[in-house]
Amino acid sequence: MGEQPMKLYLDSADIPAVAPLLHTGLFEGVTTNPLILQRAGVAPAHLPTLVQELIDAGAGSVFVQAVESDTDEIVAEGRRIVALGSNVIVKVPATRQGFAATARLAHDGVPVLVTAVYHVRQAILANSAGAWGIAPYVGRMDDAGRDGLRQVEQMGAVLHGSETRVLAASIRNADVVHELALQHCDAVTMSTAVAEALFIDHLTDRAVAEFTEAARALT
Ligand code: G3P
């Protein structure tokens, strides 16, 4: 868990929805996975274009997930992914083969986010592999009866002082975002819908309406 403010990422490949949020300058980058690419209709051949479009829209980093399952194949795919751009980070699932591939890629300086993390044990393995970070699936842990926020807190505790970041994912609503910030999670990635919800507060809207009315009354 970091002492820095929690970094915000967008979990989407939907350029029209992502671009306006990136233009606020409040989001560090964009994470993707095969489900997200499928939803956005992005074929593998289109990945280089997608990465460039996201960078051009203001993404400081773009995460692309390997889909191979064999260690050697994941390593080879990871090298192809990281070659897509200087600010591309490889995502690798938290499987035995994924951890072994992460160790080899990290040894060669390739940043890897170990994803689909559901248990503290996997955080320990990711750190041992030299991973850039881990992506615990908070919402899916809750769906499975595990306490997602508590698991993330424990992952942060075992990673405290290490180079391996906690980038929480599978975020079901804006409340989870502020709970993660309260427990000093390093980073969070969220859908554009959850990101848009962060900006909404009717009390602020009411106060602004009063300010506007008062300002107009003075003119
Ligand atoms: O990054 C992982 C995320 O996309 C999974 O989210 O809502 O399908 O559990 P969800």
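Predicted model: local features only at pLDDT ≥ 70, side-chain atom pairs only at ≥ 80, totals over all residues.

Which pocket does the ligand take up? I checked, and the space taken by the ligand is the largest pocket.

**Entry: who is around the ligand.** I listed the residues around the ligand and got Asp 11, Asn 33, Ile 36, Arg 39, Tyr 137, Arg 140, Ala 169, Ser 170 and Arg 172. Sorting that shell by type, I got four charged residues, two polar and three nonpolar.

Entry: Next I went through side-chain N and O atoms facing ligand oxygens. For Asp 11, a side-chain N or O atom is 2.7 Å from an oxygen atom of the ligand. Arg 140 also has a side-chain N or O atom 2.7 Å from a ligand oxygen. For Arg 172 I noted 2.9 Å, again between a ligand oxygen and a side-chain N or O atom. I then looked up the burial: the ligand taken alone exposes 310 Å², and the protein buries 84% of that.

**Entry: the whole protein.** I counted 11 helices and eight strands. The radius of gyration is 19 Å, close to the 17 Å that the globule rule gives for 219 residues, so I put the protein down as being as compact as a globular protein of that length. Along the principal axes, its C-alpha atoms fill a box of roughly 70 × 40 × 30 Å.

Notes:
Residues numbered from 1 in each chain as written. Heavy atoms only, no water. Near = heavy atom within 4 Å. Polar contact = N/O pair within 3.5 Å; in protein donor to acceptor, adjacent residues only side chain to side chain. Areas by Shrake-Rupley, 256 points an atom, 1.4 Å probe, with all protein chains shown as cover. 1 Å grid on protein atoms, 1.4 Å probe; cavity = no way out; pocket = protein on both sides within 12 Å on 5 of 7 lines; lining within 4 Å. Sits in = over half its atoms within 2 Å of the grid points. Nonpolar A, V, L, I, M, F, W, Y, C, P; charged D, E, K, R; others polar. Helix = DSSP H or I, 4+ residues; strand = E, 2+ residues; numbered from the N terminus. Rg over C-alpha atoms; globule rule 2.2 N^0.38 Å.
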